[in-house]
Amino acid sequence: MKYETIRLETKGNIGYVTINRPDKLNALNAKAKSELKEVFEDIKNNATVFVVILTGAGEKSFVAGTDIAELTGLGTETGKTFAENGQSVFNLIENLGKPVIAAVNGYALGGGCELAIACHIRIASENARFGQPEVNLGIIPGYGGTQRFARLIGKGRAMELILTGDAIDAQEALRIGLVSKVVPQSELMRTAEEMAQKIASKGQIAVRLAVKAINMTQETNLTDGLALEASLFGVCCGSEDFKEGTKAFLEKRKPVFKNK
Ligand code: COA
């Protein structure tokens, strides 16, 4: 399928999604949001894609936010619907059932920061900048920022970044646990690809159930989370991959997973 604002490629078991509006620093307009949803629905149903890498076109920006031109004119009701629509796209990514790695290649501001934190893992280039500058526009983050940011980096830090609207650089993002790695821009995609390939080489039942269990930490208490973990552990133990993984270890060879 041909998209106007998104590039979708697949290589082996990796899907590459690139938001492609570099002249607008990949700001998410309505078209980009609806195409992002279509692309991720497509990937969700594509059994050959195990891991996704999400990035922005060009060397300056991952996503510089929602398209500010489309914010003007919103009122109380339309604003709520606008936020719910964006949230539904990012919820789809977070609950895709397969890991999404954000390769953050520059500005990740507003909706761009929220998009990155809806992904499962973040790798940043040295020039990346993260922030939630919505207060400068008289609004709050509406695509999950107040909720996911606080859960990821802690309430105090999320408060400070959201209330001041300040942006932080890649090293600070690494220090506070917002990203897992910082690399030179020239190495960003290779680093993301190596990580994606490593994850794709594991048993995918285990990978997907691990994502599900870890996602649940945001939604439940420890007792229920541990109950879910035990039951998903049991599901893994009933898989062929588990038999192969343990057998291969004992036979001192690499496992050949069938994802069954
Ligand atoms: N929405 C719409 N257009 C945006 C945009 C956004 N969030 N961010 C950047 N753009 C557009 C600019 O309007 C400009 O378009 P033009 O060339 O047609 O005038 C183009 O992208 C390049 O941006 P520019 O501001 O010229 O680049 P810069 O290097 O001087 O500054 C930023 C980069 C990211 C600091 C600046 O663009 C910015 O502050 N963007 C808004 C960030 C924001 O508030 N995001 C949250 C929105 S809720």
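Reply: Start with Lys252, which is exposed at a relative accessible area of 79%. Here exposed means over 50%, buried under 20%, and partly exposed in between (1.4 Å probe, protein chains only). Lys252 sits in the segment after helix H10 (240-250). Its phi is positive, about 55°, although Lys252 is not a glycine.

A word on the basis. The model is predicted: local features need pLDDT of at least 70, side-chain atom pairs count only at pLDDT 80 or more, and totals for chains, interfaces and linings use all residues. Residues are numbered from 1 along each chain as its sequence is written, and side-chain values use heavy atoms, with hydrogens and water left out.

Now the charges around that segment. Glu244, Lys247, Glu251 and Arg253 are linked in a network of salt bridges. A salt bridge here is a side-chain nitrogen of Lys or Arg within 4 Å of a carboxyl oxygen of Asp or Glu. One link joins Glu251 to Lys247, with N to O at 3.4 Å. Glu251 is partly exposed, at 42% relative accessibility. Lys247 is also in the partly exposed class, with 45%.

Lys181, Lys198, Lys202 and Lys254 gather in a surface patch of positive charge. Members of a patch have over 30% relative accessible area and no salt bridge; like charges are joined within 9 Å, nonpolar side chains (Val, Leu, Ile, Met, Phe, Trp, Tyr) within 5 Å. Lys181 belongs to strand E10 (residues 181-183). With a relative accessible area of 37%, Lys181 is partly exposed.

Next, helix H2. Glu84 and Lys80 form a salt bridge through their side chains, 3.2 Å from N to O. Why do Glu84 and Lys80 count as about one helical turn apart? Because they are four residues apart in helix H2. Glu84 is partly exposed, with a relative accessible area of 39%.

A further pair spans more of the chain. Asp67 forms a salt bridge with Arg21, and their closest N and O atoms are 3.0 Å apart. This pair links distant parts of the chain, 46 residues apart: Asp67 is in the loop between E4 and H2, Arg21 in the loop between E2 and H1. Asp67 counts as buried, since its relative accessibility is 11%. Arg21 counts as buried too, at 13%.

Asn26 lies in the loop between strand E2 (14-19) and helix H1 (30-44). Asn26 has a positive phi of about 60° and is not a glycine. At 0% relative accessibility, Asn26 is buried. Ile68 is found in the loop between strand E4 (61-63) and helix H2 (76-94). Ile68 is partly exposed, with 47% relative accessible area. Together with Leu137 and Ile139, Ile68 makes a nonpolar surface patch of about 250 Å².

Last, the setting. A search of the whole structure finds 11 salt bridges. The protein chain has 10 helices and 10 strands. These are DSSP runs numbered from the N terminus: helices (H or I) of at least four residues, strands (E) of at least two. Of the 260 residues of the protein chain, 44% count as buried. The C-alpha atoms fill a box of roughly 60 × 40 × 35 Å along the principal axes.

Note on methods: Areas by Shrake-Rupley, 256 points an atom, 1.4 Å probe, with all protein chains shown as cover. Lys, Arg positive; Asp, Glu negative; His and termini not counted. Charge placed at Lys NZ, Arg CZ, Asp CG, Glu CD.
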